[in-house]
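Take a walk through this model, one neighbourhood at a time. Keep the sequence beside the 3D view as you read.

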Amino acid sequence: WHWKLLAQAQLFCSEFKLPKRAMVLLPWLLWMSLVPSRGTGGTGSCKEIGCGGHDETCWCVASCWSFNDCCEDFASVCPEKPPSVQLAEVNFLVTTDLHSWIEGRKHQPHLDASLAHVASVLEHLRHSARSAMRDVFFFDNGDINDGTGLSASAEDHVEYLAPVLRSAKYDALNVGNHELYQRNGYGMLPGAACPIVGLKESGYIDSWNGRYLTSNVVWAKSQQPVGERYAVIEGEFGTKLLVFGFLYNMRDHCDAVQVLDVQDVVNSTWFQDAVDGYAAHVDAVVVLAHMDYRDDLVDLLWRTLRSRVGETKPIQVFAGHSHIRGYRQLDNFSSVYEAGCKLDTVGFLSFQHRSDGCGLDFDHANITGNVHDMAGALHLDLL
């Protein structure tokens, strides 16, 4: 219902010949006024609630910064110790649910890191990894748009954002639900039907040379995948990955696309052929899954892959969508990790084989989007 309301607001702007910028911003101001927050924030106390908890007024978890519902004493009672990043056999840096928060937050100075700082982290990690001849992969897990004026001021919500993200050295990217919401009032307004159309028409998807992944999202008319169904990527020192990009079973998408059920896709011939054909020749299978790390679909993907690749092939799932930090180990050779949202977190995960051959040692680090914390995680004074 809310997307129809936004379309009606855009139509109102058009009929009364309001400026183009108002046609974009007014519906989203309306939307923000209607969406309930997770909490009002501020009146409770983490000293009483306990770190990691919450009451009806505020929260004492790291994600409270992005929801603007931290208890007043959260920073002092629950200070975060910067994690220490340790490189292993295979290493990943990941962002998810950026929602156009790529500049650093002026209103929250403790979250001052920009996407450029993340790029600096990647450069430092790869420089350190070269001496040990280890690879570091960089992924984004979708929902790049909707969140700041950089997105909202564009008719398709991605026109100004996409060129900036193009400069990031991602090895593979997934699509999120926000790239698929209807934006043109189902044909009543000019412009792209939804952001994904803008990303296609601008050349953004093609610019990733087959590494923009949409395993279960196809164009409605042609039934062809929006990006690529999967990719085999190889690092500087020969680490090979088979990578898929899945979205949860989204129903309220725009009319330009169709989102296929995950269950149907994992039973499809192309998916089984890709897994059977490449799994033996890669070091790990990676799934960029735009869904909560606790979603049953994560377990479906893991179980399906495990049944086809054997008991000891590493499987790593990167989750998103729910805007939280979370981690689960799925078995001795696989795990799922979600790295926050809106650049409040830069996720790092690594794994290496145990000396006894009985599994992998996984390590993950939630690096807060703070320049000082990022440097500290890399054992540096400055980025």
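Start at Asn 141. Setting aside residues within four places in sequence, Asn 141 is in contact (heavy atoms within 4.5 Å) with Thr 95, Thr 96, Asn 174, Leu 288, Ala 289, His 290, Phe 318, Ala 319 and Gly 320. The model is a predicted one, in which local features need pLDDT of at least 70 and side-chain atom pairs count only at pLDDT 80 or more, while totals for chains, interfaces and linings use all residues. Residues are numbered from 1 along each chain as its sequence is written, and side-chain values use heavy atoms, with hydrogens and water left out.

Asn 141 sits in the loop between strand S2 (135-140) and helix H7 (149-152). Helices (H or I, at least four residues) and strands (E, at least two) are DSSP runs, numbered from the N terminus. Asn 141 is buried, with a relative accessible area of 0%. Buried means under 20% relative accessible area, exposed over 50%, and partly exposed in between, with a 1.4 Å probe and protein chains only. In sequence, Asn 141 and His 290 are 149 residues apart, yet their C-alpha atoms lie 6.1 Å apart in space.

Next, follow the chain through a strand, a helix and a strand. S9, H13 and S10 form a right-handed β-α-β unit. Right-handed means that, with the strands pointing away from the viewer, the path from the first strand over the helix to the second runs clockwise. S9 (residues 284-290) runs parallel to S10, and 4 bridges join them. Strands pair if DSSP finds at least two bridges between them. Val 287 has Val 317 in S10 as its bridge partner.

Now the helix of that unit. H13 spans residues 296-309, 14 residues in total, and reaches 20 Å from first C-alpha to last. That is close to the expected 20 Å, where the expected span is 1.5 Å times one less than the number of residues. Asp 295 caps the N-terminal end: one of its side-chain oxygens lies 2.8 Å from the backbone nitrogen of Leu 297. Of the 14 residues in H13, 10 are buried, so the helix is largely enclosed by the rest of the structure. Among them are Leu 300, Leu 301, Trp 302 and Arg 306. Just after H13, Gly 310 takes a positive phi of about 95°.

How many residues of strand S10 are buried? The count is 5 of the 5, at residues 315-319, so S10 is largely enclosed too. In a regular strand the side chains alternate between the two faces of the sheet. Here Ile 315, Val 317 and Ala 319 point one way, and Gln 316 and Phe 318 point the other. S10 also pairs with strand S12 (residues 334-339), in the parallel sense, over 5 bridges. Val 317 stands opposite Val 336 there.

Finish with helix H12 (residues 269-278). Its residues Trp 270, Phe 271, Ala 274 and Val 275 are buried. They cover an arc of only 130° around the axis, which puts them on the same side of H12. The arc is taken from the directions from the helix axis to the C-beta atoms. The buried residues of H12 pack against strand S6 (230-234), strand S7 (240-247), helix H11 (262-266) and H13.

Note on methods. Polar contact = N/O pair within 3.5 Å; in protein donor to acceptor, adjacent residues only side chain to side chain.
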